[in-house]
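Please keep the sequence and the model open as you read, and take the points one by one.

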Amino acid sequence: MRELVGRDEELAAIGGLFETAVLPAAAVLHGEAGIGKTSLWLAGVDAATAAGFRVLSARPAEPEAGLAFSGIGDLLARDVDAVLAALPPVQRSALEAALLLGETRRDVEQRAVAAAFLAALRMLSTTGSLCVAVDDLQWLDGESLGVVRYAFARLADAPIAVLTAVRGAPPEWLRRSVGEDRLRAVHVDGLSVGATNELLRSRLGIDLPRPTTIRLWEASRGNPFFALELGSALQAQGGTLVPSEGLPISSDLGELLQQRLSGLTPPGLDVARVVAAAAEPTVPLVEAVVGAPFDDGLADALSARILEIDGETLRFTHPLLGSAVSSRLTPRRRRALHARLAELVRSSDARARHLALAAAGPDRKVASALEDAARSARARGATVTAVELAEESARLTQDADREDTRRRRFLAADLHALAGSTGRASELLRGILVESAPGAERAEVLVKLGQIQPGRREPEALYEQALQEAKSDNRLEATIHLRLSGLQRWGEGVERGAEHADLALRAAKRSGDVSLLAEALVEQACWQLRAGNGFPREQAEEALRLERTLPDWPRDFGAADNIAMELMWIVDLDPARKLLLELRDAHRRRDETRQEAYVLWILAMVEWRGGNWNEAEAYLGEHAALNDQLGHEPTADIPDAILAAHRGRVADARAWAEDGVERGEALGIGISVSGYLGVLGFLELSLGNAEQALGHLRRSYELRNVFMREPAQHLELGDYLEALVAVGQLDEAAELIALWHERALAVDRAWALAVVARARGLELAARGDLDGAFASFDHAVGEHTRTSDPFQHARTLLALGRTERRAKRRAAARNTLTETLERFEQLGAPLWAAQTRGELDRIGGRRAAGDDLTDAERRIASLVAQGKSNREVAAALFLTVHSVETALTRVYRKLGVRSRAELAGRYQVS
């Protein structure tokens, strides 16, 4: 490792990163500009190499921040051929396009690039430990940053160390990616007086008097770059300081940098100016701009330690020098320089940027080129680059071109919203609003503003304003009523939501707009569902058919998304999953981050309800990575909280849920508050705390009941009823059971019928009616076979086994609870498995021999005895093949048979 003066503690922290046995891990060097982060980062790279790590490094500079995927290109530069050869075709094609390799240009799918980069890291780390080192992280281009964040969040147990330096505080996303316990945040502060003196002695060979050293230290504030510059100036005048005159040069950093540059010859300064202006300052490019004096100028800049060279790339020895060079250019010379660079650079993005910087003012030709470049960047997945180009396009549009200005500002706002920067999108839209004429023009802006505002109150106010402006425009009226209808899902009641949906459908039919008609048909269908009238599938299918005819299908949060959500609610999971996967793939191809995140949210809920909790967690990991870029929606963490509670991660679940309740209440979003309260109630019930659970569940139920009468949408219903029974409020439980049984029966909702029948069994058992209780449990088990929620099925078996134990039916209870335990363990529900073990422990004695099969085992044995295969049995009973195999093993053991033939001979089907 390099020897740095006064940095023993920082060097030790960095060195420890490469000595730890626990990887992945990260170290981030953070502090102000010029404080010495880069020197420490370089020392860290040396330490990684010495420790046997393979190092992938990138040193981005400020001008490169707008060049899409340039950072990824630097990191993979030495290994790109090997990486491409090992990648699957889709990822290889995406990475080649992102890095501008190959002979043809293709659109870039950023998600595929991210997957390719992650695969590259994993591949390269299979032969030994890997270090990913990025200096000046704040200058990493937006597309590369998104790819890096995606990969770092998924390193799992790969032997990878991350070393980065950043101006300011450590990025919070990095802390989340590697974990608090695996991140070394190294704050780089100023040197001490003694270290400053040693720095001057070792670097400059001067030994200043103590008073002079202290003056220099005070002026530099321990900043090593500043201290060396001041020391050099003192050295030039013999190392003496006249107290009355003070330091020989200004202690202001800006003036100091300018004085440092003043020693350059004109050719040296010309070379430095081009390096400061170019995004990728290669030797051939700089030489082409500078011309004949290039060699002399380059030699001068290198000898003066203003520039350094790495292969074909030129860079400043310190980033602040580049800023100082740029500040010395007059506006006219700066524009001329960028105009020349625009003629020479190969990248279309870079060319568009240089054209913008070369423009003295609004320019139709340049503005049009920038708009085209923005749309092109958006199409190939470079959303951050597209945003910047769109902003420049709007800025350089002439005031007289009003329609162009409006369109380009809208484009910039839409791109900002897609990229997750809703604050800037809102700012742009409010600027457009001020200049919009009353009527449809203002309504259009108000609608867009409403779409990106958080919560319910502000969007609703904006939509109501828009409605007043758009009375004669059927298309806008339909759009606004649809938005207002959608907001009622957050907690205003069924009647108001259904009213807006009806008005939207009427206006959509008058408008003749197919996309609006499809959306309005689904919106009305959704309110039919929430009203407890069932889901009109034919109407929904007609809407989906219409939407598929549109050239831009799938639409942003359109009919398809809503249909998939409602299918999840009514536990019709197979068609929901199929549609959602199709939507996910389409949104990924178009790099639609917000829409993809929404689809992943629903997919996680689908797999949770279907008992596929590992798949649900995988979707949640992808959702979290996208959600970090977007800013948290109020309901964003509900699936995380639900799954954490079901998997027994009590602290995580409680933290997510309590934070969610607080955010939902602040924004006035009742459905969000209800969902998180339901998690808290379920968690307490899982821990055996019925009293504490009831308070949360009662409020959750009351909030949801305002606008949801569809039984399957009441996820808290079974928990609420169970808590009521557990605390002895049997009459209230019986009343609610009767209400929800009637509603579930009306729409034949098997999931709800099973949950309500289980609650009825618990209530009857609490009253001492054991025959009635067992009949209700049997009815619940039968309903479970018609739906797909293995966790709720296992809870019903737990309720049955618990009641059998209390009724002294020990053998039956033991068999039921043994099966229940296996189901909970297979799902990964430790809190409920613990409850089941407790019930088994209370039985005591030994398991009875003979043919004491559980009801579930009898059904399986009956079907197998009829000659059905395990797969056919699983399909008939809505179980997994593994569950059937496990149960069949128990049946063989209990009946003393060894084969399916013996089972068919000995087990008589009743």
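1. Let's begin with helix H1 (residues 8-17), which lies across E1, E4 and E5. Relative to E5, H1 runs at about 160°. Please keep in mind that this is a predicted model.

2. Five strands form an open sheet with parallel pairing, and their order is E2-E3-E4-E1-E5. Strand E2 (54-58) and E5 are at the edges, where each has a single partner strand, so one side of each lacks a neighbour in the sheet. On average, and ignoring direction, neighbouring strands here are turned by 15° against each other.

3. On one side, E1 pairs in the parallel sense with strand E4 (residues 160-167) over seven bridges, and Ala27 has Leu163 as its bridge partner in E4. E1 also pairs with strand E5 (residues 183-187), again in the parallel sense, over five bridges; here Leu29 stands opposite Val186.

4. Is E1 buried or exposed? Seven of its seven residues are buried, so the rest of the structure largely encloses E1. You can check this face by face: Ala25, Ala27, Leu29 and Gly31 are buried on one side, and Ala26, Val28 and His30 are buried on the other.

5. Asp310 stands opposite Thr313 in E7. Two residues lie between the strands of this hairpin, and Gly311 in the turn has a positive phi of about 65°.

6. Now to a pair of helices. Helix H37 (residues 717-726) packs against helix H38 (residues 730-746) at an angle of about 150°, and their axes are 8 Å apart. The two are therefore roughly antiparallel to each other, and the crossing of H37 and H38 is left-handed. From H37, the contact involves Leu717, Tyr720, Leu721, Leu724 and Val725, while H38 brings Leu730, Glu732, Ala733, Leu736, Ile737 and Trp740. By class, the residues of this contact are 10 nonpolar, no polar and one charged.

7. Helix H42 (residues 810-827) and helix H46 (residues 881-895) pack at about 155°, with axes 12 Å apart. H42 and H46 are therefore roughly antiparallel, and H42 passes H46 in a right-handed crossing. Asn815, Glu819, Glu822 and Gln826 in H42 meet His882, Ser883, Thr886, Arg890 and Lys894 in H46. Which classes of residue make up the contact of H42 with H46? There are no nonpolar residues, five polar and four charged.

8. Finally, please find His784, which is in helix H40 (residues 770-784). Why does His784 count as buried? The cut-off for buried is under 20% relative accessible area, and His784 counts as buried because its relative accessibility is 4%. Leaving aside neighbours within four places in sequence, His784 is in contact with Ala754, Gln792, His793 and Thr796.

Terms used: Residues numbered from 1 in each chain as written. Predicted model: local features only at pLDDT ≥ 70, side-chain atom pairs only at ≥ 80, totals over all residues. Heavy atoms only, no water. Axes fitted to C-alpha atoms, helices over the stretch in contact; angles between N-to-C directions. Helix = DSSP H or I, 4+ residues; strand = E, 2+ residues; numbered from the N terminus. Parallel < 35°, antiparallel > 145°, perpendicular 65-115°, else oblique. Left-handed = near helix turned anticlockwise from the far one by under 90°. Contact = heavy atoms within 4.5 Å. Nonpolar A, V, L, I, M, F, W, Y, C, P; charged D, E, K, R; others polar. Pairing = 2+ DSSP bridges. Buried < 20%, exposed > 50% of the residue type's maximum accessible area, 1.4 Å probe, protein only.
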